[in-house]
Amino acid sequence: MKLKRIIGMVLVIAAGFLLQNSILPAIGQIHYIPNILVITVCAFGLTSGPYYGMLAGVLCGLLMDSVFGHRIGYYSLVFLYMGYWNGVCQKYFYFDNLAVPLLACGLSDLGLGFYIFVVSFLLRNRTNLPFYMMNIILPELISTIVAALILFRVIALINGKMAELEKRRSTKFV
Amino acid sequence: MKDGFNFKIPARVVLFLLTLLFAVLIALSFFQSSVTDALGNGVSAAILPMQKGLNQLGARIFSEAEDLATLKHAQEENEQLKEQIAALQEEISLTEQERYELETYRELYELDQEYSQYEKVGARVIGKDSGQWFHSFLIDKGSDDGLAEDMAVIAQGGLVGVITAVGPHSARVMSIIDDESNVTAMSVAGRENFIVSGDLELYEDGLLRVMYIDRESEIGPGDKVVTSNISSVYLPGILIGYIDEVSVDPNNMTQSGTLIPVVDFEHLETVLVITALKNTGDDIR
């Protein structure tokens, strides 16, 4: 684990969290706010593999759980798996091809939506999946993909720059 | 050591161990909540300095965005407000007359515990839970400003929600439109108690659900609904909204229906926290 890269990751997650939960709601014009933490976890998983993906997932999950008062593990668990599976898909990722990241972000957000629906709604006898699909899951999915179009490259670039910095430094001293 | 990691535990094993850890934590929170509460507080304490920074930055950016938005609408608003003032001045003279009537009625109903006389603290909304699933938000006042858990939060003259957690400089509010929210309420006219609960499906049309109204009750559309005096959390007499419609349930014993809240939850920017806590009679148990 490279400390600097982890600090960079924490900063990116903090910025994403702030954007998603404070800045975008404050603007007040966007009804369906994109899930930027999902994009962040996907970006770290796809560019750096399952270990960094899982770490980003756990950090995002713990942040959401403790700030918004869900049971510790509620978001952590689903973000952990999101990071792992995106990390496993690292071999399909090329920086020039945006189709894979967009698909990954879309599937991850869909998975998160289903997870929340099953755990927090279906288990309390709220069974109207078509309603939740049309009014909550799909709108958020679309806005997340649109946001990923812009944000994914930014996060991947930051992460790539940090990895490059590390490599250069390690070759210099070896 | 291919990509930064010095130790060689396979990712699959790490995933399994972490899954186990979180599963245990979730299970523990059901059976032995004190352990996970301590853990959650620990995580919160570690995150709090960051959260505080985020909150301050968020509030600053918020106010700037707000300034811009205000400037844009200021001129239109100015015109509208001038018209409103004229209308309001007329209304004031009418209200003055009605106030004398109201005071006599209040004495009759012994309803002098109106919430206008409670101590209140103003706070700004600085963060919202992500997505449309949950309706909790963060405010920029905390225990340092005299806030505590279970305090009622109001805005625009109506009930918004209740504080579910406090930090030194921030607090978390669960609004009454959250799918898991239940409020014991009563109608002002009939004084009977029932439940107002949040429902995502109804909220799409801007409504809340009312349940467990006595079948004999003569409650109907337009009736004013306030928090009940038997509620375990909320102070009595806080306005929630007005009944939209009610109908008798299939069980033929209760009525249920929908309610229109007075608060516009989509555009909450500032809220008031009532810093008085309800005396629930725990001390005589």
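# Close-up views of a predicted two-chain model

**View 1. B:Glu245 has its place in strand 10 (residues 239-248) of chain B.** Helices (H or I, at least four residues) and strands (E, at least two) are DSSP runs, numbered from the N terminus. This is a predicted model, in which local features need pLDDT of at least 70 and side-chain atom pairs count only at pLDDT 80 or more, while totals for chains, interfaces and linings use all residues. Residues are numbered from 1 along each chain as its sequence is written, chains are lettered from A and ligands numbered from 1 in the order in which they are written, and side-chain values use heavy atoms, with hydrogens and water left out. With a relative accessible area of 48%, B:Glu245 is partly exposed; buried means under 20% relative accessible area, exposed over 50%, and partly exposed in between (1.4 Å probe, protein chains only). Leaving aside residues up to four places away in sequence, B:Glu245 touches B:Pro221, B:Ser256, B:Gly257 and B:Thr258, where contact means heavy atoms within 4.5 Å. B:Gly222 is 23 residues from B:Glu245 in sequence, and their C-alpha atoms are 8.2 Å apart in space.

**View 2. B:His135 sits in the loop between strand 1 and strand 2 of chain B.** Is this histidine, B:His135, buried or exposed? B:His135 is buried, at a relative accessible area of 14%. Residues that B:His135 touches, not counting those up to four places away in sequence, include B:Val173, B:Met174 and B:Ser175. B:Ile177, B:Asp178, B:Leu200 and B:Tyr203 are also among the residues in contact with B:His135.

**View 3. Chain A is built from helices, with 6 helices and 0 strands.** Following the sequence, the pattern of chain A reads α-α-α-α-α-α. Chain A has 174 residues, and 58% of them count as buried. Among contacts in chain A with a separation of 6 or more, 71% come from residues 24 or more positions apart. The accessible surface of chain A is about 7700 Å², and carbon and sulfur atoms hold 72% of it; such areas come from the Shrake-Rupley method with a 1.4 Å probe, and for residues only the protein chains shown count as cover.

**View 4. Chain B and chain A meet in a contact that takes 49 residues from chain B and 53 residues from chain A.** Together the two chains bury about 4900 Å², with 67% of it on carbon and sulfur atoms. Buried area here is the accessible area (1.4 Å probe) that two parts lose on being put together, summed over both. How many residue pairs are in polar contact between chain B and chain A? The count is 7 residue pairs, both residues at pLDDT 80 or more. A polar contact is a pair of N or O atoms within 3.5 Å; within protein, one must be able to donate a hydrogen and the other to accept it, and residues adjacent in sequence count only if both atoms are side-chain atoms. On the side of chain B that touches chain A, the elements giving two or more residues are helix 1 (11-31), helix 2 (33-109), strand 1 (120-128), strand 2 (136-139) and helix 3 (200-203) of chain B. The residues on that side of chain B divide into 24 nonpolar, 14 polar and 11 charged. In this grouping, Ala, Val, Leu, Ile, Met, Phe, Trp, Tyr, Cys and Pro count as nonpolar, Asp, Glu, Lys and Arg as charged, and the others, Gly among them, as polar.

**View 5. Across the interface of chain B and chain A there are 2 salt bridges.** A salt bridge is a side-chain nitrogen of Lys or Arg within 4 Å of a carboxyl oxygen of Asp or Glu. In one of them, A:Arg124 pairs with B:Asp179, with the closest N and O atoms 2.6 Å apart. A:Arg124 is partly exposed at 30% relative accessibility, whereas B:Asp179 is buried with a relative accessible area of 4%. The side chains of A:Arg126 and B:Asp179 also meet in a salt bridge, at 2.7 Å from N to O. This pair joins two chains, because A:Arg126 lies in the loop between helix 5 and helix 6 of chain A and B:Asp179 in the loop between strand 5 and strand 6 of chain B. Both A:Arg126 and B:Asp179 are buried.

**View 6. B:Arg209 and B:Asp199 form a salt bridge, with their closest N and O atoms 2.9 Å apart.** B:Arg209 belongs to strand 8 (residues 208-214) of chain B and B:Asp199 to the loop between strand 7 (193-197) and helix 3, so the pair ties together parts that are 10 residues apart in sequence. B:Arg209 is partly exposed, at a relative accessible area of 29%, while B:Asp199 is buried, at 4%.
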